[in-house]
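Please read this note with the structure open beside it. The points are numbered so that they can be checked one at a time.

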Amino acid sequence: ADVAVKCLTDLLKLPVCKPLRDTYLEKCVSNLQQGVSVPQSLQLAMNIFDMFNESSAVWKPVTPETAITALSAKFDLIQLILQDVSRYHSVVRHKISQPDFDKTVSLFSQTFVGRYSHKEQISVRLDFLEYLLQHSKLELTPSLLNILWDISVNNANSSEEADNFFVWLKKAQEPSSGKHKTVAFTDEMTKQLLLDVLCIDQRMHFAGMGF
């Protein structure tokens with residue numbers, strides 16, 4: 001799967017394939033909508049966004065920010081990724097509730113959908129969300145963060161999931177690597193967002209990293 005993403009990325013970097021970038025971006029979003037090959041699609045989408053630093057036949061001038069903004073205006077990317085996180089979470093919850101599920105093995109090391117481990121499935125979705133927030137003016141509002149919090153913390157399938165979410169939240173406050181270093185959340189934004197969530201929902205489940 002990773003090899004396929006790399007090959008497609010290398011092809012789309014070629015000048016002759018430049019007109020196809022927009023088409024493949026929309027195919028990635030379509031896969032996200034349908035819950036098909038999501039990790040590969042999100043990785044490819046981020047690679048394509050990174051290619052948008054020149055003029056394009058569709059969006060002029062094009063940067064990762066303008067490409068994300070235009071695509072999100074059409075598909076609402078934040079809402080789509082949160083819906084997919086919820087969908088994947090439900091699939092995992094159903095599978096681990098089966099009588100023959102082996103609870104002695106770490107959840108993160110197991111594979112529930114496709115070829116990617118549970119940890120990789122969760123991480124690539126959070127990385128994509130972080131990418132959107134760092135490379136555009138899209139925001140994760142308190143109500144949307146509450147949805148993510150409810151899935152990742154209050155209803156986590158394991159303490160590993162909750163810990164992973166807190167690690168991601170901390171990482172999202174660090175500047176992105178690149179020419180224009182930005183953060184998905186500032187310290188003040190995170191404090192306020194978490195305070196809003198704490199006020200909204202008292203059913204808190206704190207794992208180790210939560211402290």
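1. A crossing of two helices is left-handed if the near helix is turned anticlockwise from the far one by less than a right angle, and right-handed if clockwise. Helices here are DSSP runs of H or I with at least four residues, numbered from the N terminus. By this rule, H2 passes H4 in a right-handed crossing.

2. The model is a predicted one, in which local features need pLDDT of at least 70, side-chain atom pairs count only at pLDDT 80 or more, and totals for chains, interfaces and linings use all residues. Residues are numbered from 1 along each chain as its sequence is written, and side-chain values use heavy atoms, with hydrogens and water left out.

3. Two packed helices are described by the angle between their axes and the distance between the axes. Axes are lines fitted to C-alpha atoms, for helices over the stretch in contact, and angles run from 0 to 180 degrees between N-to-C directions. For H2 and H4 the angle is about 40 degrees and the axes are 12 Å apart. H2 and H4 are therefore oblique to each other; angles under 35 degrees count as roughly parallel, over 145 as roughly antiparallel, 65 to 115 as roughly perpendicular and the rest as oblique.

4. Which residues make the contact of H2 with H4? H2 supplies Leu-25, Glu-26, Val-29 and Gln-33, and H4 supplies Leu-71, Lys-74 and Phe-75. Contact means heavy atoms within 4.5 Å. Sorted by class, four of these residues are nonpolar, one is polar and two are charged. Ala, Val, Leu, Ile, Met, Phe, Trp, Tyr, Cys and Pro count as nonpolar, Asp, Glu, Lys and Arg as charged, and the others, Gly among them, as polar.

5. H2 (residues 21-34) also packs on H3 (residues 38-51): their axes come within 9 Å and cross at roughly 150 degrees. H2 and H3 are therefore roughly antiparallel to each other. The crossing of this pair is left-handed. Residues in the contact include Tyr-24, Leu-25 and Cys-28 of H2, and Leu-42, Ala-45 and Phe-49 of H3. The class count for H2 with H3 is 11 nonpolar, two polar and one charged.

6. Beyond its neighbours within four places in sequence, Phe-49 is in contact with Leu-25, Pro-64, Ala-67, Ile-68, Leu-71, Phe-128, Tyr-131 and Leu-132. Of these, Ile-68 is 19 residues from Phe-49 in sequence and 7.4 Å away in space, C-alpha to C-alpha.

7. A nonpolar core is a set of buried Ala, Val, Leu, Ile, Met, Phe, Trp, Tyr and Cys residues joined through side-chain atoms within 4.5 Å. The largest one has 54 residues, and Phe-49, Leu-140 and Leu-148 touch the most other members. Among the elements giving two or more residues to this core are H1 (2-13), H2 and H3. H5 gives the most, with nine residues.

8. Two loop residues have a positive phi without being glycine. Ser-37, in the loop between H2 and H3, has phi near 45 degrees. Asp-76, in the loop between H4 and H5, has phi near 55 degrees. Ser-37 is partly exposed at 38% relative accessible area, and Asp-76 is partly exposed at 37%.

Definitions and conventions. Buried < 20%, exposed > 50% of the residue type's maximum accessible area, 1.4 Å probe, protein only.
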